[in-house]
Amino acid sequence: MFETFFEDIKKYDTIIIHRHKNPDGDALGSQTGLRYLIEDNFPGKKVFCVGDEAGRYAFMEGSVMDEVEDEAYNGALAIVLDTSGANLVSDQRFKSAARTARVDHHLFLEQICDDEVQDATFESCCGMIAFFAREQGLKLSKRSATALYTGMVTDSGRFRYDSTTSRTFELASFLTAEKIDTNELYRNLYAEDFASVKRKALFVNKIRFSEHGVAYIYNTAKEVEELGIGTFAVSRGMVGVMGDIKGVDIWVNFTEAPEGVLCEIRSGRYNVCPIAISYGGGGHEKACGATVPDKDKAMELLEDLDHMLAKEELDATELEIENGINAIRKKVESGQMSREEADKIFSGLRKEADRLWEEHKKEIGTKD
Ligand SMILES: [Mn+2]
């Protein structure tokens with residue numbers, strides 16, 4: 001997969017590594033991880049990392065970027081990591097390099113480099129670089145392994161997202177053989193400013209539930225303004241406070257914005273995307289969103305999600321009843337129970353099923 005990429009690395013003496021703007025752990029981890037990998041295996045080469053500031057990930061070794069003159073690109077190889085589109089690359093000078101190469105795990109949108117290594121089955125770009133290192137038999141060091149492991153951990157949601165595969169763990173195992181200080185890493189990843197912890201508590205206190213247990217928060221325009229952190233930080237940034245509540249399978253964060261009410265929808269179990277789509281939105285199966293004109297529409301969307309849970313509840317009860325019936329049948333067949341006794345239980349169950357179904361129809365109304 002990386003043959004051409006590796007040939008390029010061997011061929012060029014100056015290598016400048018780019019990644020996307022507003023870097024996350026994967027962007028910085030793949031960038032610095034690849035840098036160390038090249039430096040550790042090809043001591044003669046000049047390797048630079050460029051781009052905007054590390055922000056939240058400033059704790060990572062090597063996260064302070066290099067100042068690079070325009071001339072450095074003459075005859076150099078520029079590598080772009082973890083970036084799906086050309087306009088998202090931090091520092092557009094990569095285009096002026098003699099040769100360009102990209103390694104990325106997003107869905108392929110457009111060719112932006114001479115050589116493209118694209119594979120959306122990887123949870124992270126760091127995973128791809130780790131794969132590259134293993135495939136080519138490169139020497140790992142503690143610093144390169146730590147950088148790459150950081151990106152694997154963050155882009156896989158701490159190994160929780162569906163994108164996490166056995167290959168993810170194989171490569172994580174390959175990296176952790178370098179005695180990475182994971183304690184220190186996790187402390188850095190989970191550490192939060194006190195102000196942000198307090199802010200989260202505000203949102204936690206606003207959580208409400210629909211009849212069948214959809215957790216939701218509704219943020220008015222006035223509340224958003226008072227918080228002063230911007231609509232995006234409220235809407236996308238705070239939906240997670242409902243993410244790990246026991247028994248909550250669907251949760252939504254509603255935020256009033258100039259363009260309408262932003263609905264950030266999440267689920268740990270169900271495909272909620274069709275509901276987002278029916279309100280003009282979209283996204284992933286378990287993480288999607290829509291923007292609706294007003295609060296009434298937002299509450300309608302909430303009701304649709306609530307009906308989805310009501311239906312799931314009913315299905316679960318139906319299954320229980322079915323299992324019960326099968327168990328009784330077996331008892332009758334083996335002579336453990338008389339037919340009359342079983343009939344009595346059956347008619348009781350039938351009545352209960354009818355009652356549940358009527359109740360459900362009343363709740364859902366004519367909607368489905
Ligand atoms: Mn990534």
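Biologist: Happy to have you here! What joins strand β9 to strand β11, and in which sense do they run?

Modeller: Welcome! This is a predicted model, in which local features need pLDDT of at least 70 and side-chain atom pairs count only at pLDDT 80 or more, while totals for chains, interfaces and linings use all residues. Residues are numbered from 1 along each chain as its sequence is written. Strand β9 (residues 260-267) and strand β11 (residues 287-292) are joined by six bridges and run antiparallel. Two strands pair if DSSP finds at least two bridges between them, so six is enough. Within this pairing, Cys-263 has Ala-290 of β11 as its bridge partner.

Biologist: What makes β10 and β11 a pair?

Modeller: Two bridges link strand β10 (residues 282-283) to β11 in the antiparallel sense, and at least two are asked for. Gly-283 is bridged to Cys-288 in β11. With three residues between them, β10 and β11 form a hairpin. Strands here are DSSP runs of E with at least two residues, and helices are runs of H or I with at least four, both numbered from the N terminus.

Biologist: Why are α4 and α5 called roughly antiparallel?

Modeller: Helix α4 (residues 142-155) and helix α5 (residues 166-176) pack at about 155°, their axes 9 Å apart. The axes are lines fitted to C-alpha atoms over the stretch in contact, with angles from 0 to 180 degrees between N-to-C directions. Under 35 degrees counts as roughly parallel, over 145 as roughly antiparallel, 65 to 115 as roughly perpendicular and the rest as oblique. α4 and α5 are therefore roughly antiparallel.

Biologist: Which residues make that contact, from α4 and from α5?

Modeller: α4 brings Ala-145, Leu-148, Tyr-149 and Met-152, and α5 brings Thr-168, Leu-171, Ala-172, Leu-175 and Thr-176. Contact requires C-beta atoms, placed from the backbone, within 7 Å. By class there are seven nonpolar, two polar and no charged residues. Ala, Val, Leu, Ile, Met, Phe, Trp, Tyr, Cys and Pro count as nonpolar, Asp, Glu, Lys and Arg as charged, and the others, Gly among them, as polar.

Biologist: How do you know how α2 is oriented to α4?

Modeller: The axes of helix α2 (residues 25-41) and α4 cross at roughly 160° and come within 7 Å. That makes α2 roughly antiparallel to α4. Among the residues that meet are Gly-29 and Tyr-36 in α2, and Ala-147 and Gly-151 in α4. The contact has four nonpolar, nine polar and four charged residues.

Notes
Contact = placed C-beta atoms within 7 Å.
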